[in-house]
Amino acid sequence: MITFTFNGLELTARTGQSVAAALLSHNERITRLTRISGKPRGIFCGIGVCFDCLIIIDGKPNQRSCITEVKEGMVVVTQDGA
Amino acid sequence: MEHKHQVIVVGGGPAGLNAAKYAANAGCEVALLDSATRLGGQYWRNTGNEIEDQATHHDFDQGSLLMDAVTANPRITHYPNTTIWSAAILDDEITLRTQDDVFSTTRLILATGAYDRSLPFPGWDIPGVMTAGAAQSLLKGEGVIAGKRIVVAGSGPFLLPVASGITSHGGKVVGVIEAAGRFAWLPEILTLLQNPTKISEGLGYLLTLRKAKVAMRFKQAVVAAHAGADGLLDSITVANIDAEFRIKSTYSLQCDVAAIGWGFTPDTSLAGALGLKEEVAADGSVVVVVDDNQCATSPQPEVQVFAAGEITGIGGSGLSLAEGAIAGLSAAASRTNLRQLKKLRRRAHRFALTLQRVYSIPAGWQSWLTPETIICRCEEVNYEAIQDVSEKFGADDARSAKLMTRCGMGMCQGRICSRNVADLLNSPDSDRIKGVYRPIIAPITLGELAQDGLL
């Protein structure tokens, strides 16, 4: 088991899981808000093709949550505008 | 770092694995480049936990054997987590760049696979709407069931393993919605009977679904999605559709996930960047043109480029394995077993063409769109904007649409929308091919470029 934070909330994940999958297992479905209309988006293609599940990881924006492995102590934040 | 290899294979799925194996067994020194951490590709989603993988995949044994053979082969070097952002032919050599490395060779085998084909509809950008492949990768790759009430929809045989996988892992599938008819297979029954393993695989999925009392609906499609107050998927509109996919009548269905797949789109980004000859296949996808030995038409005859698997036309794992083997042998200039492999390929190809006919996608889906429907998800370009390009300015090409609306200019580089935009603009084949051309294959920051000395 791994512990990470999402918007300040402490969550657990299975070792080797992607950030998107870990979030989804806690029913967290929104990874970002779009930069034009501000609408929520989440995982769509699941394999790194569509760039819809972008998220801020350890301060770095535009990370694809579906293909980024979650790591112990990771700080994950919803991306506002991408 | 710079790496030189006799043969380079890109892609660790069925085609790439077999290509590497056959080239190495024929005496070549091979590098296998793959963007994932573990081999297997999207088909054999290899989590590293063999017991779980066996349980989620109907033929993981075959994949496991092949992956072991490749890993154990001293002539093959596997480069995991290797994402190529640039490909070029320079000074009679093929150069592939990743963030940290430069790979060069004179013999390249591309096996870059495919991703789900998505059709736009009102609400398809709501969180909870995802591709069938996404639901599958969450289950097989991550051990996560995508939602509490899942609808699996779209068209094609892939919907069955997705729905049956979710069901057998305790997930609730509230319906499988297939656009083709229940008896769409009848005219092709002879081809089906020649492929008994496919019949038994399909029956296995259907049995699982029947046991779980999952409703199978035919000649229907998800034509709209609706969000609740929290912005998440709450319900979908399902339509009874005619043979052209036009709406006849509708009903509403509650769900928190709609996993929708309309077959697959080949990922020919690398092939396009290298200037290989491409064409539009019968199913409307852009594919790499190859000869009988899987050899592509390279702009420079000094280097050899082969293509295998889904990028030469969507056909599934059996066809990919055969094409990969032939590409591997051809790259090694060997003819061992070539005739038998070509026979296998011919048979698998016939089956693939049959599937494309049974699950073809007519243009009626365009009638599901409203002016506000998002077409380009990245740049939030709606249907009205695309219509303007065509009606007011008479444009039928992706470039004009891009310049006027920004569609296809976002982070995904048109991977999701370009095929749909081409359909909406009724673009000629030449423009469909240009529409998938991407000189930069994966996003890279200016900082990374500068570090590489390329700025």
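Buried area is the accessible area, taken with a 1.4 Å probe, that two parts lose on being put together, summed over both. By that definition, chain A and chain B bury about 2800 Å² between them, with 55% of it on carbon and sulfur atoms.

This is a predicted model, in which local features need pLDDT of at least 70 and side-chain atom pairs count only at pLDDT 80 or more, while totals for chains, interfaces and linings use all residues. Residues are numbered from 1 along each chain as its sequence is written, chains are lettered from A and ligands numbered from 1 in the order in which they are written, and side-chain values use heavy atoms, with hydrogens and water left out.

On the side of chain A, Arg29(A), Arg41(A) and Phe44(A) lose the most area to chain B, together 26% of what that side buries. One of the salt bridges joins the side chains of Arg35(A) and Glu379(B), at 2.7 Å from N to O.

Within chain B, an automatic or database domain assignment gives domain 1 (2–115 + 265–336), domain 2 (118–262) and domain 3 (369–435). The centres of domain 1 and domain 2 of chain B, taken over C-alpha atoms, are separated by 30 Å. These two domains of chain B bury about 690 Å² between them, 56% of it on carbon and sulfur atoms. Arg45(B), Thr56(B) and His58(B) lose the most area on the domain 1 side, together 67% of what that side buries.

The table sets out the two interfaces by contact (heavy atoms within 4.5 Å), salt bridge (a side-chain nitrogen of Lys or Arg within 4 Å of a carboxyl oxygen of Asp or Glu) and polar contact (a pair of N or O atoms within 3.5 Å, one able to donate a hydrogen and the other to accept it, with residues adjacent in sequence counted only if both atoms are side-chain atoms).

| Interface | Residues in contact | Salt bridges | Pairs in polar contact (both at pLDDT 80 or more) |
|---|---|---|---|
| Chain A and chain B | 30 residues of chain A, 39 residues of chain B | 3 salt bridges | 12 residue pairs |
| Domain 1 and domain 2 of chain B | 8 residues of domain 1, 6 residues of domain 2 | 0 salt bridges | 1 residue pair |
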